Amino acid sequence: MFKKMFKKTAFTGPAALVVLVAVVVLSAMADSTMQPLPASAPAGEFSARRALDHLREFAAEPRPIGSPAGDRARDYLVGRLRAEGLQVEVQRAVGARPASGLATFGQVDNIVGRLPGTDPTGTVLIAAHYDSAAMGPGASDDGAAVAAMIETVRALRTGTGLRNDVVLLMSDGEEDGVLGAEAFVRRHPLGRAGGVLLNWEARGVRGPSLMFETSRNNARLVETFADAVPAPRGDSSMVEMYRLLPNNTDFTPLTGAGFTGMNFAYIRGSSLYHTAADSVANLDPGSLQHHGSTMLALTRALGGADLRTLTSDHDVTYFRALGVMITYPGTAVPLLAALAVLAVAGLVVLGRVRRLLTLPRLAVATVSAVLPLLASVVMAQGLWELLVGLRPEYDTMGGLLHRPQAFEAAIAVMSALAVLCWYLPLRRRLGPVALSAAVLVWLAGLGVLCAWFAPGAAFLFTLPALLGALGALAASVTGVPAWVRAVATTLGPVTAAAVLPSLAWNAFDGMGLALGGVGALVLALFWLGVAPLVEPFRLGRAVPLTAAGLALALVGAGLAVDGFDAERPRRTHLAYVMDADTRVAHWASADPEPAGWTRRYVSARAVDGLPPGYARGSLWTGPAPAIRADGPRVVVSSYDGGTLTMRVTAGRGARSVTLRLDRPITWAGVSAGRFGQAGVQVTGTRTGTWPSEIRFRGIPSQGVRVTVRLSPAERVRVIAISESDGLSAVPGFVPRPPGLVAATREDGDLVAVTRGYTLRRGSHGDGVAEGAQ
């Protein structure tokens, strides 16, 4: 930017800000769902209302792996797929997944439906999981996608047959570690055959269906997505971000087995995720419509394509700007990054030649620009700490609040305040040209960094830097009309407005306010990108003070609005624990500050009375009545000091069993009779509890054989924990009142019955019961 330009275009300041606001608003409006179609929609179209009829049949209650509700859902879904003419089988197997110090196994019932193609060139695999978290009915996660699969198949059957085979995988055990998908790729022929995958998920109850992850070399897949889908949503920066996270879905084992594909989810309303409020009543039908319309369009496109031509050797950048999907190949990413650097360098040289900036001033401006970025992150994280201090119950929500909009707006204002507090004092000392050039240096530098490490995200910085520098150069040309100069100076800020705010809101939706610093950092970069537009205005101290006051007012409004009620409930954790050897029982809660209902059961922070090895982290506890329960049993087949083999049963009515050992393990395997066997390598140790843990979800009544390898030792202590869903079997238990739901911690709302063992080298039989020691 240049002084002459600033003087001659001062009148454009308000207009430029209006344009920026319009771009942000239009971008938000373009990031919408779809209007749900009624049950009377044409037979060949996807109807959210028809899909909802199926969803109500199987998603009215929690259906975790191995539960009776899961069996009922399986039977309904199998019946519906067979009624649509598919070849259907139920794959019964043992799924396995390792984590740090943990081996998780589960008895899974995967539903596999096949629609044969007329002249197949490969397989189109549509995948979603039909199990839910134990805490809620999972209408969105992942019932909506499963219902969409049924409606998609119905719509496909109304037309001519597709060229390629279409396989539907309704997996089991996803919530406990993608167990069904793991078993599918390890044990089922179709899981090892490869093909093109469309996986569907949800991390909320509303919002557009985003394509947030792809396999590597996605060029042809993205091309198909952009051409075939009526309302494509998502961008390649989400793909890069998700690849850096430890999260996974069924997409991970399926693509690891050779499938190429795309992963979709809607993520808004995430405060209800994995709770009893993830219900049909809270599901936005527009999100279901968007899921289903995208699924149907892609299945038709891929089902009729020559899948052998979908291979590629590179990724592409893709994003939406003002409702238009833009794509360009990965080879263009470093080129655009280099052009941005050259354009910014050219702007700096021109400014130096015209004596509008000096290199020392530019260096000071560039280095000091890190201050508003850091300040924005610190203030956002500080706000979260303040909110948790004022409302400890926020801590159990992991930052995913019911009504976070006022707090998010406060973060946006605080980020703007940080940038203003940097820009306004320095523009007099360093000059607006140096500050504007410094902003472009930052954006171009981040573009280069992303081009190297995360190419799909480089557009977020490269394009604002490139267009901003080119616009400033164009505006500096002598004789350029004022209106052209005005347009040119807004190219960079408008581009930033089109891409950065939407990324910040996605970060808030996906990560919550507990990681609000991520969204704050993106917003600070946005404000830096548009800061030069304030130059025509005479801004004094009143502006930062007003911004600070507005931020405080927004925080106060957020606290007033974001309360808890029956529709937006508070989470609370409670479990029942009984030592089967001593018949001493306790209630336990991991809540930082238990709700009034929870305090009926717990009264003190103490874990001394709990069975050895049960406690994980700090807990509130209270005495509880003993119940009649078989409890788990461990019968040792052999223990030679390094390998332990045992038969484990959970007891009547228990759905799962957990084993905790006081020594690290390196390998764990199980055998579950006709369901088969599985084994995994284990590294690391558990935190806040005993070093190693083995879980078996949906354990058969006859039990399983468990083998573990551990470092040689004369003895090992084992605690077996049988787990049954719900607390209603405990005498005196009063259900939660409206406004409270079970927390998402996996050991909540369980009756846990424990039995401890000390096993010595050469042990056989039941070992030595530890009792209450």
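**Close-up 1. Helices α17 and α18 side by side in the predicted model.** Here α17 (residues 459-475) and α18 (residues 482-489) bring their axes within 7 Å, crossing at roughly 160 degrees. That angle is over 145 degrees, so α17 counts as roughly antiparallel to α18. The crossing is left-handed. On the α17 side, look for Gly 471, Ala 472, Ala 474 and Ala 475; they meet Arg 485, Ala 488 and Thr 489 of α18. Sorted by type, the contact residues come out as four nonpolar, two polar and one charged.

**Close-up 2. Gly 529 in helix α20.** This glycine sits in the helix that spans residues 516-530. Gly 529 has 11% relative accessibility, so it counts as buried. Leaving aside residues up to four places away in sequence, Gly 529 touches Val 439, Leu 443 and Pro 493. Arg 114 is another story: its C-alpha atom is 51 Å from that of Gly 529, and the two residues are 415 apart along the chain.

**Close-up 3. Arg 268 meets Asp 509.** The side chains form a salt bridge at 3.4 Å, N to O. Arg 268 comes from the loop between β7 (260-266) and α11 (285-303), while Asp 509 belongs to helix α19 (residues 491-511), so the pair ties together parts 241 residues apart in sequence. Arg 268 is partly exposed at 25% relative accessibility, whereas Asp 509 is buried at 17%.

**Close-up 4. Glu 693 and Arg 660, a salt bridge between two strands.** The N-to-O distance here is 3.1 Å. Glu 693 is in β20 (residues 692-697) and Arg 660 in β17 (residues 656-661), so this bridge ties together parts 33 residues apart in sequence. Both partners are buried: Glu 693 has a relative accessible area of 1% and Arg 660 has 6%. The model's salt-bridge count comes to 31.

**Close-up 5. Ser 671 in strand β18.** The strand covers residues 665-671. Ser 671 counts as buried, at 14% relative accessibility. Its contacts, not counting residues up to four places away in sequence, are Gly 676, Gln 677, Val 704 and Arg 705.

Technical notes:
Residues are numbered from 1 along each chain as its sequence is written. This is a predicted model: local features need pLDDT of at least 70, side-chain atom pairs count only at pLDDT 80 or more; totals for chains, interfaces and linings use all residues. Side-chain values use heavy atoms; hydrogens and water are left out. Helices (H or I, at least four residues) and strands (E, at least two) are DSSP runs, numbered from the N terminus. Buried means under 20% relative accessible area, exposed over 50%, partly exposed in between (1.4 Å probe, protein chains only). Contact means heavy atoms within 4.5 Å. Axes are lines fitted to C-alpha atoms, for helices over the stretch in contact, and angles run from 0 to 180 degrees between N-to-C directions. Angles under 35 degrees count as roughly parallel, over 145 as roughly antiparallel, 65 to 115 as roughly perpendicular and the rest as oblique. A crossing is left-handed if the near helix is turned anticlockwise from the far one by less than a right angle, and right-handed if clockwise. Ala, Val, Leu, Ile, Met, Phe, Trp, Tyr, Cys and Pro count as nonpolar, Asp, Glu, Lys and Arg as charged, and the others, Gly among them, as polar. A salt bridge is a side-chain nitrogen of Lys or Arg within 4 Å of a carboxyl oxygen of Asp or Glu.
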